[in-house]
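Please read these notes with the sequence and the model side by side. They are written as numbered points for someone new to reading structures.

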Amino acid sequence: MNRFKKYLQTVKYLETSDNNILYCKDLTVDIIKGYIEWRKSNGNTNETINKSLTPIFKSVKKMMRVGWVDRYIGEEILELYLPTNTQSLEDGIGTDMHYLTVDQIKQLIKITEQSKYPRTKELVEMFMFSIYTGGMRFSDVCTLKWSEVDMENRIIKHLQVKNHTRKPTVLTLPIIEEGMKILKKWEGRNEKFVFDMLCEDFDLNNDKMLKHTINSLNKTMNQSLRCLGEKMNLPFNLHFHCSRHTYGTILLNKGIDINLISHLMGHSSSFITQKVYSKYLPETLNEIVNEKLNFNFK
């Protein structure tokens with residue numbers, strides 16, 4: 001916080017004292033972006049900058065709860081963490097925006113069917129389950145419990161795994177037919193956890209152990225996916241989070257309402273969904289305009 005204070009004084013020329021302070025309502029996205037650029041210009045790494053952002057972001061979350069900062073401004077600020085080489089519990093592999101096309105998904109399924117390793121097929125089933133079911137993150141697929149799955153009504157009600165930027169929420173997801181087929185394959189394997197990645201007595205309340213275990217499992221998952229991606233000649237490394245981006249882009253290109261996509265993906269607001277997938281919106285909008293708004297009054 002002292003570094004942030006120094007930035008306000010030397011760059012923004014704000015005399016931060018008891019008589020001249022920065023009010024919560026005056027905190028903007030541009031101020032935080034400027035602070036990040038200032039730290040970069042001083043040679044700080046992304047990891048170091050993220051550590052310096054953490055106390056600021058904790059304060060922002062408190063301000064949001066009591067209404068001292070506009071919710072949308074606060075959410076945009078909280079998205080300003082920089083990508084690092086360190087795998088996170090939330091995404092598993094940085095913030096790369098990679099996704100599979102429909103043809104690439106078909107190619108992945110075909111290559112997996114030809115694999116002689118049963119474990120490879122199981123890992124791809126988890127990847128495909130994410131695509132079929134809300135683009136669930138690896139941490140959520142890994143911790144999905146049978147008690148959260150209503151097979152009769154084809155609904156999942158899963159408490160999201162908490163990370164360092166969001167409060168956990170309950171995901172309510174419909175299960176389509178292909179997702180049901182995968183679930184039925186895994187019945188009877190583990191009494192508690194659907195995909196048998198965690199032992200039945202694993203304590204989900206042990207945050208430190210949970211993060212370590214999921215990151216380790218995710219590393220194994222991504223190694224297998226990367227090998228499959230190389231066989232497909234993908235221009236990027238295939239990793240589990242690609243399933244989430246694949247789900248989001250498929251729904252966008254089908255013209256699904258952005259608010260519904262936001263709900264299904266567990267975003268705290270549609271603003272976040274728009275920010276992440278904004279560069280894919282023009283294609284969808286052009287299709288809608290050409291198909292539904294091509295007026296001719298003659």
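1. Start with Arg119, which is partly exposed because its relative accessible area is 38%. The terms used here are buried for under 20% relative accessible area, exposed for over 50%, and partly exposed in between, with a 1.4 Å probe and protein chains only. Its partner in a salt bridge is Glu122, with 2.7 Å from N to O. Glu122 is buried, since its relative accessible area is 18%. A salt bridge here is a side-chain nitrogen of Lys or Arg within 4 Å of a carboxyl oxygen of Asp or Glu.

2. A word on the source. This is a predicted model, in which local features need pLDDT of at least 70 and side-chain atom pairs count only at pLDDT 80 or more, while totals for chains, interfaces and linings use all residues. Residues are numbered from 1 along each chain as its sequence is written, and side-chain values use heavy atoms, with hydrogens and water left out.

3. Arg119 and Glu122 both belong to helix H6 and sit 3 residues apart, about one turn of the helix. Helices (H or I, at least four residues) and strands (E, at least two) are DSSP runs numbered from the N terminus. The pair is also part of a network of salt bridges that links Arg119, Glu122, Arg189 and Asp196.

4. How many salt bridges does the structure hold? The count is 7. Side chains of opposite charge can pair when their charged atoms come close.

5. Another salt bridge joins Lys181 and Glu178, whose closest N and O atoms are 3.2 Å apart. The two are separated by about one helical turn because they are 3 residues apart in helix H8. Lys181 is partly exposed at 42%, and Glu178 is partly exposed at 32%.

6. In helix H2 (residues 29-41), Lys40 and Glu37 are also 3 residues apart, about one turn of the helix. Their closest N and O atoms are 3.8 Å apart in a salt bridge. Lys40 is partly exposed at 38%, as is Glu37 at 47%.

7. The largest nonpolar core has 53 residues, of which Met126, Phe127, Phe195 and Leu238 touch the most other members. Helices H5 (102-113), H6 (118-132) and H9 (207-231) are among the elements that each supply at least two residues of this core. H6 gives the most, with 7 residues. A nonpolar core is a set of buried Ala, Val, Leu, Ile, Met, Phe, Trp, Tyr and Cys residues joined through side-chain atoms within 4.5 Å. In soluble globular proteins, nonpolar side chains tend to be buried together.

8. What does Leu238 touch, not counting residues up to four places away in sequence? Its contacts (heavy atoms within 4.5 Å) include Leu100, Leu108, Phe127 and Leu225. A second, separate core of 22 residues includes Tyr35, Trp38, Ile49 and Ile56.

9. Strand S2 (residues 155-159) pairs with S3 in the antiparallel sense over 5 bridges; pairing requires that DSSP finds at least two bridges between two strands. Lys157 stands opposite Thr172 in S3. On S3 (residues 170-174), Leu171 and Leu173 form the covered face, while Val170, Thr172 and Pro174 form the uncovered one. In a regular strand the side chains alternate between the two faces of the sheet.

10. Lastly, the cysteines. The whole structure contains 0 disulfides, a disulfide being a pair of cysteine sulfur atoms within 2.5 Å. Cys142 counts as buried because its relative accessibility is 0%, whereas Cys199 is partly exposed at 44%.
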